[in-house]
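Welcome! Here is a short briefing to read alongside the sequence and the 3D view.

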Amino acid sequence: LMQDRSEVVEKGFPNNKDITIPDVGKITLNIWPMNFSKYDTGTQQSIKWFGDDAISFVINGQSHYRLPKRILGRANVNLDFLQGSLFVTVDMTKVPRDTLEMIFKTDRSGVREDKEVYQKLEEECLHALSEHKGLQDLNEKRFREQAEGSKTDTKTAAKVLSELVNNNPIFKNALFGNEVIVKGGFDWKKI
């Protein structure tokens, strides 16, 4: 409570998207990409806030079915770098009652065995997310951030390896026989 969490949701979000699906009806996607970087490791905060879920199908505020975050990594969705930080609620409150009964079990334990209508619903939701320009841009931003972090890790590893080789006569003589320096990552040069 003492920490300011006003920036935990990415700028420009939350974002709602209404879509109408044939044989289902009108639904609303409520899209919440989180920015956990300031507060804790993303994985830990993600688990605290929404567990393994990425998408929750909601009727009158109650969750009836959930999809895991790994679904965002599917080739047809292509939001790999948002896994663990994106949460979407699919508000189905406006869908006719008979359609809802065709899709979900009444005890909210899952979908019915005849999944034809549900599969159409899932496909349309995932398609809408994959085509969402804001999510595509954010996924690209996260990719670049992760790639930039990898460069830093490489430089750190190169420095540690260089110190190990230069300061340990056994390694130095076994590998190179002379003094070794590292320039620009793992570009080794003998002196």
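Valine 117 lies in helix H3; helices (H or I, at least four residues) and strands (E, at least two) are DSSP runs, numbered from the N terminus. This is a predicted model, in which local features need pLDDT of at least 70 and side-chain atom pairs count only at pLDDT 80 or more, while totals for chains, interfaces and linings use all residues. Residues are numbered from 1 along each chain as its sequence is written, and side-chain values use heavy atoms, with hydrogens and water left out.

**Around valine 117**

- Valine 117 counts as buried because its relative accessibility is 15%; buried means under 20% relative accessible area, exposed over 50%, and partly exposed in between (1.4 Å probe, protein chains only).
- Leaving aside residues up to four places away in sequence, valine 117 touches Asp23, Val24, Met102 and Ile103, where contact means heavy atoms within 4.5 Å.
- Valine 117 and isoleucine 103 are 14 residues apart along the chain, and their C-alpha atoms are separated by 6.5 Å.

**The largest nonpolar core**

- The largest nonpolar core has 35 residues, and the members touching the most others are Ile27, Leu29, Ile55, Phe57, Val90, Met92 and Leu121.
- Such a core is a set of buried Ala, Val, Leu, Ile, Met, Phe, Trp, Tyr and Cys residues joined through side-chain atoms within 4.5 Å.
- Elements that each supply at least two residues of this core include strand S1 (15-21), strand S2 (25-33) and helix H4 (133-167), and H3 gives the largest share, 7 residues.
- Leucine 121 touches Ile21, Val24, Ile27, Phe57, Met92 and Ile103, again not counting residues up to four places away in sequence.

**A strand hairpin**

- S3 and strand S4 (residues 62-68) run antiparallel and are joined by 6 bridges; two strands pair if DSSP finds at least two bridges between them.
- The hairpin they form has 2 residues between the strands, and asparagine 60 in the turn has a positive phi of about 50°.

**Salt bridges**

- The structure holds 7 salt bridges, each a side-chain nitrogen of Lys or Arg within 4 Å of a carboxyl oxygen of Asp or Glu.
- Arginine 74 pairs with glutamate 122, with the closest N and O atoms 3.3 Å apart.
- Arginine 74 is in the loop between S4 and S5 and glutamate 122 in helix H3, so this pair ties together parts 48 residues apart in sequence.
- Glutamate 122 is buried at 13% relative accessible area, whereas arginine 74 is partly exposed at 39%.
- Lysine 133 and aspartate 137 also meet in a salt bridge (2.9 Å, N to O), and they sit 4 residues apart in helix H4, about one helical turn.
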